[in-house]
Amino acid sequence: MAKKSKFYTVWEGSTPGVYSTWAACQAQIKGYPNARYKSFPTKEEAEAAFRGSFADHIGQGSTKPKSSKPSLTPRSEIIWDSISVDAACSGNPGIMEYQGVGTKDKSQIFHKKFSLGTNNIGEFLAIVHALALLKQQGANTPIYTDSKIAMGWVRKKKANTKLVKNPKTAILHELIARAEHWLQHNTYPNRILKWDTDSWGEIPADFGRK
């Protein structure tokens, strides 16, 4: 059964109005103090509600979409002097690439591309690549990633991937083994931090293909 569409009324936000997608609504309320908004099953109901007030609809069903979160992390908490990493994959597995950029200016620091891989592998290798590079430089710069899975792999010093080993993935599996070996034989002061996508939007290293 097709999922029913919703319309979102924003009474108080960056740009009040009626929006046809949650993404559009979310863009108006992120970081906006005491935002007022609610979802409605039809555009007509949403527009009628907008002509009224938020107070008229308190208690009449949910006051916000189920996928929303009660609080957002302010952008003032971002550590701008850091490296952000991300990966992109066309298919699973498929053509995969990862990169590291300066969080503040998005300047590319490194970039790698492979003919066959997975997003999780790319996220893992990107973190280790950044760690190794920063250790060479003697820098304790923090690293941001939006992948909890990759953070777990780094913490365990083991990439829990099921990517088949064949001639197309041989180089990638060699890099995975080298990354695991590096983690097992090196220490580092760098903090690996989770990028708060819900609060801050896409990570600066994002490839923009979602």
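Where does UniProt place the feature "binding site"? The unreviewed entry puts it at E123 and D146. They are spread over 24 residues of sequence, yet they cluster in space, with a largest C-alpha distance of 8.6 Å. UniProt positions are in the numbering used here, feature names are shortened, and annotations may be inferred rather than shown by experiment.

Some ground rules. This is a predicted model, where local features need pLDDT of at least 70, side-chain atom pairs count only at pLDDT 80 or more, and totals for chains, interfaces and linings use all residues. Residues are numbered from 1 along each chain as its sequence is written, and side-chain values use heavy atoms, with hydrogens and water left out.

Start with E123. It sits in helix α3, residues 119-137. (Helices are DSSP runs of H or I, at least four residues; strands are runs of E, at least two; both are numbered from the N terminus.) Is E123 buried or exposed? Buried, because its relative accessible area is 3%, and buried means under 20%, exposed over 50%, partly exposed in between, with a 1.4 Å probe and protein chains only.

Now contacts, meaning heavy atoms within 4.5 Å. Leaving out residues up to four places away in sequence, E123 touches V85, D86, A87, T145, D146, S147 and A150.

Next, D146. Its place is the loop between β7 (143-145) and α4 (148-156). Again leaving out residues up to four places away in sequence, D146 touches D86, E123, K194, W195, T197 and I203.
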